[in-house]
Amino acid sequence: MPLLPSERLRSSGGAPPDLPFALVETVRGGIRLAAVDARAQALGIVPGLTLADARARVPELASIEHRPGDDAALLDWLADACDRYSPSVACHPPQGLVLDITGCEHPYGGEAGLRDDLAGRLARRGLTARLACAATPDAALALACHATADIGALPVAALSVDGDTHQALRRAGLRTIGDLAARPRGPLAARFGEALPVLLARLLGEADPRIVPRRQPPAVQVEARFAEPVARTGFVLDTLDRLVGEAAVRLGEQGCGGRRFEAALFRSDGQVARLAVETGAPARDPAILARLFRERIDGLADPLDPGFGYDLIRLAVPVIEPLGVQQLRLDGGAVADAELAGLIDRLATRLGRTRVRRLHAGDSHIPEQAAFELPVGDPAPPSAWPPLEPGEPPLRPLHLFDTPQRIEVLAEVPDGPPRRFRWRRVQHDVIRSEGPERIAAQWWRRRDGKGLTRDYYRVEDARGRRFWLFRHGLYETEKADPDWYVHGLFA
């Protein structure tokens, strides 16, 4: 898209309507042209000129500050819109897109039909585009940039090498790709560098570097195309339900379930609405997935706007995991587990995946590091909770303070259990205590003298409330007057 910056400005109303204009930027203290519009280009103004030289040729030339970030945002938007043609789309900044359309052209009747459809949509957006098809990305980009259909007729400037190499090639009488293709590769590498034969092979289709797509192709993908755009929300939801059923069949054939399901609704004007739901365990039940999508749509802060209608709805399953047939237990435990998983998935869909969290065991003997939160959809770490002895109370409280809170303690002996403590201006008389449970600091902290030993006590006050207290530092060994803290509360 050679005029992308100027056409972006013109479509947004930021360009002068009746004057040629250029987008300028400061380069090494001077103001130079970064891009020009079609009128300025017809008058011989090209990017790279200084603004003073350009206005000497065309005095009425208007100048506007160049904003590459806005061009990059438009390019990303166009790349999203081009997902309708292929799952493999890559940006080629600052003004190009590359699509791998292998196996994607049949809905349009072939490459020519796909190219015509894309050209029409870009033209309706007010964008001038040069489209080219070739066996490799390098060849397609070169043909589009130089507006030709013959690889051999491309100038040597189509090779992505430095200016000195281009000049050396021209001095040697090698002006086109056809001239280079007729030469042995060994002498070319010896004279012009090892990169030149590699780039030449990519242009000639002898080597395919392939593209790096913005989104990896999903494991399972189904879609529905419409001859006429549809705008009724009910029809869109019914179509999503049907696509969910088709995806479930394909997942069942593979013996897998999905962990993430992404729906893309392509509007006829190029806008793409994307919805995603995640599950805490592999799933392929169409009823459950359809319900999650409906709750996701109902919970949108910005409701779906069909505009002039959707002409393509696609459902992708990018994350899958093995899911075999589940045998129901006689006690109904499997059913209860499935209902709990369904409830968690609905809460995560409605509230957001990061807001529904689950505690997992951490591989550490330090209490505040022995458990941590993860979003409910994230895979669990390999660490497991330590087993409890039957009949024994829990060793750790359900609620831990993020920072242990300082308390004043009275004990019979300095290194004995607490008898009375004051916390938050309230005095608590201890009637029962159990401990100490001694927890040492990490060895690397003990080595540099920064870590102190903790002696933990489980205590109960006269009103039946239970606390988890610790003395920080061994008496007279690590600290002359150890401090006391409350670290948690038992239920």
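Guide: A word on terms to begin with: helices (H or I, at least four residues) and strands (E, at least two) are DSSP runs, numbered from the N terminus. This is a predicted model, in which local features need pLDDT of at least 70 and side-chain atom pairs count only at pLDDT 80 or more, while totals for chains, interfaces and linings use all residues. Residues are numbered from 1 along each chain as its sequence is written, and side-chain values use heavy atoms, with hydrogens and water left out.

Visitor: Okay, so how is the chain divided into domains?

Guide: By an automatic or database domain assignment, the chain is split into domain 1 (3–66), domain 2 (135–216), domain 3 (220–322) and domain 4 (399–489). Taken over C-alpha atoms, the centres of domain 1 and domain 3 are 44 Å apart.

Visitor: And pockets? How much space lies in the largest pocket?

Guide: The largest pocket holds about 1400 Å³. A pocket here is an open set of points on a 1 Å grid over the protein atoms alone, where a 1.4 Å probe fits and there is protein on both sides within 12 Å along at least five of seven lines, and lining residues have an atom within 4 Å of a point. The volume is the space filled by probe spheres set on the points, which are joined across faces, edges and corners.

Visitor: Which residues lie nearest its centre, and what lines the largest pocket?

Guide: Its lining has 50 residues, and Leu97, Val98, Pro137, Ala140 and Leu141 are the ones nearest the centre. At least two lining residues come from each of β4, β5, α5 (111–124), α6 and α10 (195–203), and α6 has the largest share, with seven residues.

Visitor: How do those lining residues divide into nonpolar, polar and charged?

Guide: For the largest pocket there are 34 nonpolar, seven polar and nine charged residues, where Ala, Val, Leu, Ile, Met, Phe, Trp, Tyr, Cys and Pro count as nonpolar, Asp, Glu, Lys and Arg as charged, and the others, Gly among them, as polar.

Visitor: What about the second largest pocket, how much space is in that?

Guide: The second largest pocket has about 800 Å³ of space and a lining of 25 residues, with Ala370, Ala371, Trp385, Arg396 and Leu400 nearest its centre. The strands β10 (357–361), β11 (371–375) and β12 (399–411) each contribute at least two residues to that lining, which by class contains 18 nonpolar, three polar and four charged residues.

Visitor: Switching topic: where is there a cis peptide bond?

Guide: One joins Pro93 and Pro94, with omega at about 5°, and Pro94 sits in the loop between β4 (89–92) and β5 (96–99). Another runs from Gly435 to Pro436, with omega near 5°, and Pro436 belongs to strand β14 (residues 426–439).

Visitor: Which residue other than glycine has a positive phi?

Guide: Arg28 is one of them, with phi near 55°, and this residue is in the loop between β1 (21–27) and β2 (30–36). Ala147 also has a positive phi, of about 50°, and lies in the loop between α6 (137–145) and α7 (163–171).

Visitor: Is Arg28 buried or exposed?

Guide: Arg28 is exposed, because its relative accessible area is 88%, given that buried means under 20%, exposed over 50% and partly exposed in between (1.4 Å probe, protein chains only). Ala147 counts as exposed too, at 58%. Val27, in strand β1, is partly exposed at 31%, and its C-alpha atom is 9.5 Å from that of Thr50, 23 residues apart along the chain.

Visitor: How many disulfides does the count come to?

Guide: Taking a disulfide as a pair of cysteine sulfur atoms within 2.5 Å, the count is zero. Cys91, for instance, is in no disulfide, since the nearest cysteine sulfur, that of Cys82, is 9.1 Å away.

Visitor: And why is Cys104 too far for a bond?

Guide: The closest cysteine sulfur to that of Cys104 is in Cys133, and because the two are 12 Å apart, they are too far for a bond. Cys104 is buried at 16% relative accessibility, whereas Cys91 is partly exposed at 24%.

Visitor: Last one: which residues touch the most other members of the largest nonpolar core?

Guide: They are Phe261, Ala263, Leu265, Leu275, Phe293, Ile313 and Leu315, out of 29 residues in that core, a nonpolar core being a set of buried Ala, Val, Leu, Ile, Met, Phe, Trp, Tyr and Cys residues joined through side-chain atoms within 4.5 Å. At least two of its residues come from each of β6 (220–230), α11 (233–254), β7 (256–267), β8 (272–283), α12 (286–298) and β9 (310–322), and α11 gives the most, with seven residues.
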